[in-house]
Amino acid sequence: ISIGEDKMLQEYDLKISSAERGLCLHDLPLVLEENAVPTACLWHPACGSDFEDKIITCNSHFKLRQWNASSKECRCTTLGPTSGGPLMQLEPIATTKESGTHAAQTEYLAY
């Protein structure tokens, strides 16, 4: 997936893409924003109690949006941190904590 200043989200099909054919789109581009410019995106696979893969995007108006990865429907919009400028990078962090006979995995999002 990629985002750009054209305010579009593109998803590429790397299985059928090649040097001769170039990058092939998986689906039609999705218009993410009307006014704000997308600044970062992250693929979030389903885990734990999630039932769907998600795409998380940030924009120049300090908003974070969660999109369903397959249907491209916006699931949630939240206001991100407003100090220090818009978010420009997202990084998933997973930690595993072992206690006795089982391990619990916790996920965080760094920006």
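## Close-up views of a predicted model

**View 1. A salt bridge joins Glu 11 and Lys 72.** Both Glu 11 and Lys 72 are buried, where buried means under 20% relative accessible area, exposed means over 50%, and partly exposed lies in between (1.4 Å probe, protein chains only). This is a predicted model, in which local features need pLDDT of at least 70 and side-chain atom pairs count only at pLDDT 80 or more, while totals for chains, interfaces and linings use all residues. Residues are numbered from 1 along each chain as its sequence is written, and side-chain values use heavy atoms, with hydrogens and water left out. The side chains of Glu 11 and Lys 72 meet at 2.6 Å, N to O; a salt bridge is a side-chain nitrogen of Lys or Arg within 4 Å of a carboxyl oxygen of Asp or Glu. Because Glu 11 lies in the loop between strand S2 (8-10) and strand S3 (12-18), and Lys 72 in the loop between S8 and S9, the pair ties together parts that are 61 residues apart in sequence. Strands (E, at least two residues) are DSSP runs, numbered from the N terminus.

**View 2. Glu 52, Glu 73 and Arg 75 are linked in a network of salt bridges.** The closest N and O atoms of Glu 52 and Arg 75 are 3.0 Å apart. This pair links distant parts of the chain, since Glu 52 sits in the loop between S6 and S7 and Arg 75 in strand S9, 23 residues apart. Arg 75 also forms a salt bridge with Glu 73, with the closest N and O atoms 3.4 Å apart. Glu 52 is buried, with a relative accessible area of 10%, whereas Arg 75 is partly exposed at 42% and Glu 73 is partly exposed at 43%.

**View 3. Four strands form an open antiparallel sheet in the order S6-S7-S8-S9.** The edge strands, S6 (38-44) and S9 (74-79), each pair on one side only; two strands pair if DSSP finds at least two bridges between them. S6 and strand S7 (residues 54-59) pair over six bridges. Within S7, Asn 59 is the bridge partner of Pro 38, and Thr 57 is the bridge partner of Cys 41. S6 is mostly covered, as five of its seven residues are buried.
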